[in-house]
Amino acid sequence: RVLSCGLKDFCAHGAEAAAGTAGDKRVPKIASVVGILGHLASRHAGSIKQELLRMFHESLGSAREHHKATVPFLLQLALMSPALLAAVSPELVDSLKPPVLNQLHQHFSALPRDELDGVVGVVVHLLCHTSAGALRTLRFLLATAAP
C-alpha cells in the first residue's frame, strides 16, 4: 500500500516531486514513503524487496500511464534510500536478461533526449554508490557491453 500510494503521488506530481520544485509539501510524501519502508524493512525486508521487483517487472510490459512512471519512481526511491538499493540491486541485476533489457529499451526509447540523459545519469550514480553485489553488477555490465 505504501508503494502504491507513493507511486500514485509520484505520477500526479512527477519530476517536480522528486526534484522538490513543486513546493515543500511535495517532497515529504516521497520522503515519507522512504521512511515508512525503512521502518518496515526490519520485519518485512523480503516482502518489500519482492514488491519492488514485482513493480519493476510489471511496469515494463504495460503502456498504462502509472506503469510508465514506475521505473523513475523506483530510481528515486533508490536515490533516497541506500538500504532499498542494497536490498534490491543483486536480484535486479540477475533479472536483467535480454528480454528484460529489450523491454527497458522500448520503455525508454520514446523519452526526449534530455529526460533519457537524466535517467542514465541517475542509473550511473546508483551504480557508483552501491556496494551490495558490486562485483556481480560489474560482471553484468561487462558481459552486456561486450558479449
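Where is H129 found? H129 is found in the loop between helix α7 and helix α8 (134–145). The structure is a predicted model, in which local features need pLDDT of at least 70 and side-chain atom pairs count only at pLDDT 80 or more, while totals for chains, interfaces and linings use all residues. Residues are numbered from 1 along each chain as its sequence is written, and side-chain values use heavy atoms, with hydrogens and water left out.

The secondary structure of the protein consists of eight helices and zero strands, in the order α-α-α-α-α-α-α-α along the sequence. Helices (H or I, at least four residues) and strands (E, at least two) are DSSP runs, numbered from the N terminus. Buried residues account for 33% of the 147 residues; buried means under 20% relative accessible area, exposed over 50%, and partly exposed in between (1.4 Å probe, protein chains only). Of the contacts between residues at least 6 apart in sequence, 72% join residues at least 24 apart, where contact means heavy atoms within 4.5 Å.

The largest nonpolar core holds 31 residues. A nonpolar core is a set of buried Ala, Val, Leu, Ile, Met, Phe, Trp, Tyr and Cys residues joined through side-chain atoms within 4.5 Å. L3, L37, L52, F56, F73, L74 and L77 touch the most other members of this core. At least two core residues are supplied by each of α1 (2–19), α2 (27–60), α4, α5 (82–95), α6 (98–109) and α7, and the largest share, 10 residues, comes from α2. With neighbours within four places in sequence left aside, L52 is in contact with L3, L74, L77, L84 and V88. In soluble globular proteins, nonpolar side chains tend to be buried together.

Helix α4 is mostly covered, with eight of its 11 residues buried. These are T70, V71, F73, L74, L75, Q76, L77 and A78. M80, also placed in helix α4, is partly exposed, with a relative accessible area of 30%. Apart from neighbours within four places in sequence, M80 is in contact with I30, A31 and V34. The C-alpha atoms of M80 and G35 are separated by 9.6 Å, and the two residues are 45 apart along the chain.

Helix α4 (residues 70–80) packs with helix α7 (residues 113–128) at an angle of about 35°, the axes being 10 Å apart. Axes are lines fitted to C-alpha atoms, for helices over the stretch in contact, and angles run from 0 to 180 degrees between N-to-C directions. The crossing of the two helices is left-handed, that is, the near helix is turned anticlockwise from the far one by less than a right angle. On the α4 side L75, A78 and L79 meet V119, V122, V123, H125 and L126 of α7. The residues of this contact divide into seven nonpolar, one polar and no charged; Ala, Val, Leu, Ile, Met, Phe, Trp, Tyr, Cys and Pro count as nonpolar, Asp, Glu, Lys and Arg as charged, and the others, Gly among them, as polar.

The count of aromatic pairs comes to one. Rings of Phe, Tyr and Trp (its six-membered ring) pair if their centres lie within 6.5 Å; planes under 30 degrees apart count as stacked, over 60 as edge-to-face and the rest as tilted. F10 and F73 form a tilted pair, 5.6 Å centre to centre and with 55° between the planes. Because F10 lies in helix α1 and F73 in helix α4, the pair ties together parts that are 63 residues apart in sequence. F10 is buried, with a relative accessible area of 8%, and F73 is buried at 0%.

H129 is exposed, with a relative accessible area of 55%. H129 and A86 are 43 residues apart in sequence and 9.6 Å apart in space, C-alpha to C-alpha.
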